[in-house]
Amino acid sequence: MRTPEALADDPIESHIADLTAVLHGPARIKDRMVDELRDGLLDAAQGLSAEPGRDAARQAVRQFGTVAELAPGFQHELTIAQARHTARTVMLIVPFPILCWYLVELSARTAGHRLPDPVRAVVAPLGGTAVLTALLAAVLLGVTGSLARRLPTPRRLPLVVAWTGTAAAVALALSALTLTVASVAAVNWPLSVAVCVATLAFHARVAASARACRQCARLPVTSP
């Protein structure tokens, strides 16, 4: 890692560092974008002078634009990428509680028992929420995918994805809480505890992705 003094002596790396600091989104895509910008700046500097130095680097940076000018365009791509990541996470993970509840219910019935009515009453809306958020995430994933190349992406779409992920994370947290209560009455309590722990892990993953998506959605962007 370069020191601040070394960055200050290299106009291109200093520019890249300043831009990287204001961008938010999936790390892999962010790294790819700034690497491509760095390559472009280096090529431009080499094209400006047979012996590229700090003056050529500064001129290349001026030609590409300031951080304030570049950041909104870069952030737009990162925000869409984060929205797609969150939608994909919700679509793949949220159906998990339905499978968990099926296993817990099946285990209870096999043993000739049934879960308490209050627990069963909570499961229905949680299952409905899981289905709705998974379907909505699938639609949003499609809208931000191939359709985005032909149609403009609605400005507030990433925020919709973020709050869909937040709703899914809340449903997963409530499912984990309900499973904890159910484990007390369940005959196969180790199964209930296991799916409760797994649900908490999935809740943490969806909540983190939704939080990152909300952060990206609040940043200024420039549509291409």
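Trainee: How many salt bridges does the count come to?
Mentor: The count comes to 5 salt bridges. Keep in mind that this is a predicted model.

Trainee: OK, which residue does glutamate 13 form a salt bridge with?
Mentor: Arginine 38 is the partner of glutamate 13, and their closest N and O atoms are 2.7 Å apart. That pair links distant parts of the chain, with glutamate 13 in helix α2 (residues 11-22) and arginine 38 in helix α3, 25 residues apart.

Trainee: Why does glutamate 13 count as buried?
Mentor: Because its relative accessibility is 14%, and buried means under 20%.

Trainee: And what about aspartate 35, where does that sit relative to arginine 38?
Mentor: Both are in helix α3, 3 residues apart, which is about one turn of the helix. Aspartate 35 also forms a salt bridge with arginine 38, with 2.8 Å between the closest N and O atoms. Aspartate 35 counts as partly exposed, because its relative accessibility is 37%.

Trainee: Now helix α4, which residues there are about one turn apart?
Mentor: Aspartate 55 and arginine 58, both in α4 (residues 54-64) and 3 residues apart. They form a salt bridge too, with the closest N and O atoms 3.4 Å apart.

Trainee: Is aspartate 55 buried or exposed?
Mentor: Exposed, because its relative accessibility is 61%. Arginine 58 has a relative accessible area of 33%, so that one is partly exposed.

Trainee: Switching to lysine 30, what's the nearest side chain of opposite charge?
Mentor: Aspartate 31, and it's 6.5 Å away. Lysine 30 is buried yet has no salt bridge. Its place is in helix α3 (residues 27-48).

Trainee: What does lysine 30 touch, leaving out residues up to four places away in sequence?
Mentor: With those left out, lysine 30 touches Thr20, Leu23 and Leu78.

Trainee: New topic, helix packing. At roughly what angle do α5 and α7 cross?
Mentor: Helix α5 (residues 67-93) and helix α7 (residues 117-143) cross at roughly 145°, and their axes come within 8 Å. The crossing of α5 past α7 is left-handed.

Trainee: Which residues meet there?
Mentor: From α5 you have Arg84, Ala87, Arg88, Val90 and Met91, and they meet Thr133, Ala134, Ala137, Ala138 and Leu141 in α7.

Trainee: How many of the residues in that contact are nonpolar?
Mentor: The contact of α5 with α7 has 7 nonpolar residues, along with 1 polar and 2 charged.

Notes: Residues numbered from 1 in each chain as written. Predicted model: local features only at pLDDT ≥ 70, side-chain atom pairs only at ≥ 80, totals over all residues. Heavy atoms only, no water. Axes fitted to C-alpha atoms, helices over the stretch in contact; angles between N-to-C directions. Helix = DSSP H or I, 4+ residues; strand = E, 2+ residues; numbered from the N terminus. Left-handed = near helix turned anticlockwise from the far one by under 90°. Contact = heavy atoms within 4.5 Å. Nonpolar A, V, L, I, M, F, W, Y, C, P; charged D, E, K, R; others polar. Buried < 20%, exposed > 50% of the residue type's maximum accessible area, 1.4 Å probe, protein only. Lys, Arg positive; Asp, Glu negative; His and termini not counted. Salt bridge = Lys/Arg side-chain N within 4 Å of Asp/Glu carboxyl O.
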